[in-house]
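Thanks, everyone, for making the time this morning.

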Amino acid sequence: MEIIQHLLDGFLIALTPLNLAVVIVGVVVGLFIGAMPGLGSVNGVAILLPMTFLVPPTSAIIFLAALYYGAMYGGAISSIMLGIPGASTAVATTFDGRPMALKGEADKALVGAALASFFGGTLSILLFTGFAPPLASIALDFGDAEIFALMLLAFATFVGLSGDDIPKTIFSICIGLVFSAVGLDIMSGEPRLVFFDVIGFMHGINFLVLAIGIYGIGEMLWTIEITRGESAMSKAVFSLRGILAHLKELLGTWKVATIGSLLGFFVGILPAAGATPGSLMAYGVAKLTSKNPASFGKGEVAGVVAPEAANNAASTGAMLPMLTLGIPGSPTTAILLGGMVIWGMVPGPTLFVDETEFVWGLIASLYVANFFAVLINIFFIPVFLWMLKMPFTVLAPVIFVLSLVGGFAPTQSMHDVWLMLAFGIGGYLMRKLDYPLAPAVLAIVLGPIAEPALRQSLLISNGDFTVFVTRPIAGPITVIALILLFLPLLKLIRDKVKNKKASGSA
Amino acid sequence: MRRAEIVTAVLMAAFSIYLMWKSAELPIGWIPDEGPGGGAFSFWLSAIMLVCCVLTMINWARRTTPPSQSTEPFMDGFARNKFVLVGGGVTVMIGLVHVIGMYGAIPLFMLYYIRFLGRHSWLVSLAISLSAPVAIFFFFDVALRIVLPKGYLEPLFYPLYDIFL
């Protein structure tokens, strides 16, 4: 019952006029960002984080969380209307959303997506509210060894589960961690990695410089190259009667929505997985369990409902490890975590003890944001469709300019702006060669926590690395991490053996 | 694509070696009673980066990854053209900030992009290019008290400072 009391207190914070306003603005901005092709929650959160210095930290994170949520709703709009996912998280929505729009059922698809998002969001926030406090209280006992083991696990998920090129994934993780080490060594106070003795590196590399570089400038360059031609928008006719008529059919999809939400939530917790694979898996399971799987891909409403429920649930799932363990479950939550450090908070389980108002205010705001997102989404669909007509040649310069001022604001140095440009262009070129960039962003946020944890635990154990395996909680975590790290290698060996057998028997 | 892959791998390997050398400016070994030295963390990570680059090179030689098999150009004419026009535009904008400040560089860049790359009408281009800096001024300089660089245009802002700050 303690949880309910906390939650009620949280609602008192989330419903103050400022926070309510911030939620509504956040949801609207998120819906817009999610709907624009090429921009997703991570771009919005990275580019707009410096703008939130205007409001107190609690309101700032409530705004960004609302934006995160809104973007998950918004992604469906362009998936359905343009056939291009508004964000990578909405890829699965195009499979059936686009055919529905072409059949003239765009309104059903859009309303279905919105309601499924609401369902997925609500179910996952309930799960979140139930899971977070016990998880945080377990994590309170964690020492340095456990924290480092958790970091190792977070990075191992990228290697074992993401499916990207493995040497390039590990490279991306390491370069992010090395960049986080630039500046003053916190333990000895000596300057380190001050490249070419440029004074600007003395204050380190702010994670926002990397995040805005990659997700602002790099992403725009990428999108300009990818979306060469003009996109054609489907027509949608809306009427209240039409929506009500669809409701009955949509209510029949509750089973798919539940499966999608659960899948999304648990996949979302993993740092490497998140909303995109979560929604793809939900689509797959929906098709598998359907009575007529042949209708999928031709405009089946369940094929829109499942991934949309899943991607919203995944965004809540990603916040669970961020708030309770201090390990972000997605690139977007990594940036939120970095923001919390800027606002003077210590991420991790102590938040639930030291910053109860903040934590429960944020959790309650998720309920509020979800409620407003579905209302705004359904009633303002025509407005969003109108905004989708905004030419990319107007949006792109706005994003570049926001990146410029956003890159300058946190540290107020032009050195960081140049560095951001270098990261943006470098990130864009490396992305073309299949270097994954999300691990680097996660690493630069986690680096300042991982390094001292590693050094402290080694100091205590006198340089003995077995401390990560022998401690009761750190042990199993490290073992799982190691299994994930070596999973690709095992697969490789298994394939080799199979090939040999196959060629031997032939 | 194939050439870009190996060039990047070699460049990144060289960068890793530079990082290892740079990390070694601080102690990278064990310091009694202090634990690992200040450079150890980044030294070993850079070493792992170097190993990853070597693995990428091996994959390149054996043609096992998509970029090492691809015969497509790394950037075709369209991509190169856009990259130079857009990337160059952003670079010039940032360079101009040092001379004429944010409030000189931003409208120029937006006008360049919207009018000349986007081919929108002068009315639309001017309306957006001129309203953006006003909004940014009130948000950053006035509301957030983050004074953005003004370059040689600083004197023009003195009357505004008197009114709003």
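This is a predicted model: local features need pLDDT of at least 70, side-chain atom pairs count only at pLDDT 80 or more; totals for chains, interfaces and linings use all residues.

How does the radius of gyration of chain B stand beside that of a compact globule of 165 residues? The globule would come out near 15 Å, whereas chain B has 24 Å. The box that the C-alpha atoms of chain B fill, taken along the principal axes, is roughly 60 × 55 × 20 Å.

As for the surface, buried residues make up 45% of the 165 in chain B, and the chain exposes about 8600 Å², of which carbon and sulfur atoms supply 71%. On the charged side chains, chain B carries 11 positive and 9 negative ones, and the centres of these two sets lie 17 Å apart.

Now to the cysteines, where the question is how many disulfides there are over all chains. With the cut-off for a pair of sulfur atoms set at within 2.5 Å, the count comes to zero. B:Cys52 is in no disulfide, and the cysteine sulfur nearest to its own belongs to A:Cys174, 5.8 Å away. B:Cys53 is likewise in no disulfide, its nearest cysteine sulfur being that of B:Cys52, at 6.9 Å. B:Cys52 counts as buried because its relative accessibility is 4%, and B:Cys53 counts as buried because its value is 2%.

Lastly, let me move to chain A and to A:Phe468, which sits in helix α21, spanning residues 467-470. Is this residue buried or exposed? At 5% relative accessibility, A:Phe468 counts as buried. Setting aside neighbours within four places in sequence, A:Phe468 is in contact with several residues, among them A:Ala145, A:Phe148, A:Leu454 and A:Leu458, and the list also includes A:Ala474, A:Gly475 and A:Thr478. A:Thr52, by comparison, is 416 residues from A:Phe468 in sequence and 38 Å from it in space, C-alpha to C-alpha.

Note on methods: Residues are numbered from 1 along each chain as its sequence is written. Chains are lettered from A and ligands numbered from 1 in the order in which they are written. Side-chain values use heavy atoms; hydrogens and water are left out. The radius of gyration is taken over C-alpha atoms; the globule rule is 2.2 Å times the number of residues to the power 0.38. Buried means under 20% relative accessible area, exposed over 50%, partly exposed in between (1.4 Å probe, protein chains only). Accessible areas come from the Shrake-Rupley method with a 1.4 Å probe; for residues, only the protein chains shown count as cover. Lys and Arg count as positive and Asp and Glu as negative; His and the chain ends are not counted. The place of a charge is taken as NZ of Lys, CZ of Arg, CG of Asp or CD of Glu. Helices (H or I, at least four residues) and strands (E, at least two) are DSSP runs, numbered from the N terminus. Contact means heavy atoms within 4.5 Å.
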